[in-house]
Amino acid sequence: MEFTPGEGLIGQSALENEPLLIDRIPEDYLRITSGLGSTAPRAVLIFPFAWNDRVEAVVELGTVHEFSELHRAFLDKEAEGIAITVAVARSRKSSDEDSMGA
């Protein structure tokens with residue numbers, strides 16, 4: 001899915017380049033489903049991945065537990081690497097599409 005900056009919570013996170021933690025989730029907001037059943041998440045973290053001051057991607061993570069400082073520290077540590085990977089993949093896809101059209 002694609003969102004424009006400022007559109008919904010994902011777009012707000014992208015626009016501000018800041019994570020959003022939502023820990024009061026309405027029962028009907030989102031369901032986490034597995035082969036054993038489904039449940040409402042206890043918390044949702046919307047996290048932007050940025051490189052060179054440009055948000056390359058945003059992920060929305062739901063959990064049946066609270067997000068710990070360890071979870072946040074991991075995302076903070078890996079965010080730039082993930083953003084670079086997304087940027088390179090997008091660039092390669094664009095290059096492939098350009099070469100096919102030539």
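1. Start just after helix 1, where Asn17 takes a positive phi of about 50 degrees. The model is predicted: local features need pLDDT of at least 70, side-chain atom pairs count only at pLDDT 80 or more, and totals for chains, interfaces and linings use all residues. Residues are numbered from 1 along each chain as its sequence is written, and side-chain values use heavy atoms, with hydrogens and water left out.

2. Helix 1 covers residues 8–16, and its buried residues are Ile10, Gly11, Ser13 and Ala14. Helices (H or I, at least four residues) and strands (E, at least two) are DSSP runs, numbered from the N terminus. Buried means under 20% relative accessible area, exposed means over 50%, and partly exposed lies in between (1.4 Å probe, protein chains only). Seen down the axis of helix 1, the buried residues fall within an arc of 160 degrees, so they line one face of the helix. The arc is that of the directions from the helix axis to the C-beta atoms. An α-helix has 3.6 residues a turn, so residues three or four places apart point the same way.

3. What do the buried residues of helix 1 pack against? They pack against strand 1 (20–22), strand 4 (43–51) and strand 5. Contact here means heavy atoms within 4.5 Å.

4. Thr63 lies in strand 5, which spans residues 54–63. Thr63 is buried, at a relative accessible area of 16%. Leaving aside neighbours within four places in sequence, Thr63 is in contact with Ile32, Pro41, Arg42 and Ala43. A polar atom of the Thr63 side chain lies 3.1 Å from the backbone nitrogen of His65.

5. The structure holds four salt bridges. A salt bridge is a side-chain nitrogen of Lys or Arg within 4 Å of a carboxyl oxygen of Asp or Glu. Side chains of opposite charge can pair when their charged atoms come close. One of the bridges joins Lys77 and Glu78, with the closest N and O atoms 3.6 Å apart. Lys77 is exposed at 65% relative accessibility. Glu78 is partly exposed at 29%. Elsewhere, salt bridges that share partners join Arg54, Glu56 and Arg90 into one network.

6. Now the members of that network. Arg54 bridges to Glu56, the closest N and O atoms being 3.1 Å apart. Glu56 is buried at 9% relative accessibility, while Arg54 is partly exposed at 48%. Arg90, partly exposed at 40%, also forms a salt bridge with Glu56, with the closest N and O atoms 2.6 Å apart. This pair links distant parts of the chain: Arg90 sits in helix 2 (residues 69–101) and Glu56 in strand 5, 34 residues apart.

7. Arg72 lies in helix 2. Is Arg72 buried or partly exposed? At 25% relative accessibility, Arg72 counts as partly exposed. Leaving aside neighbours within four places in sequence, Arg72 is in contact with Pro19, Leu21 and Leu45. The C-alpha atoms of Arg72 and Ala14 are separated by 17 Å, and the two residues are 58 apart along the chain.

8. Tyr29 is placed in the loop between strand 1 and strand 2 (32–34). Tyr29 is partly exposed, at 37% relative accessibility. With Leu9 and Leu30, Tyr29 makes a nonpolar surface patch of about 230 Å². Patches are made of residues with over 30% relative accessible area and no salt bridge; like charges are joined within 9 Å, nonpolar side chains (Val, Leu, Ile, Met, Phe, Trp, Tyr) within 5 Å.

Definitions and conventions. Polar contact = N/O pair within 3.5 Å; in protein donor to acceptor, adjacent residues only side chain to side chain. Areas by Shrake-Rupley, 256 points an atom, 1.4 Å probe, with all protein chains shown as cover.
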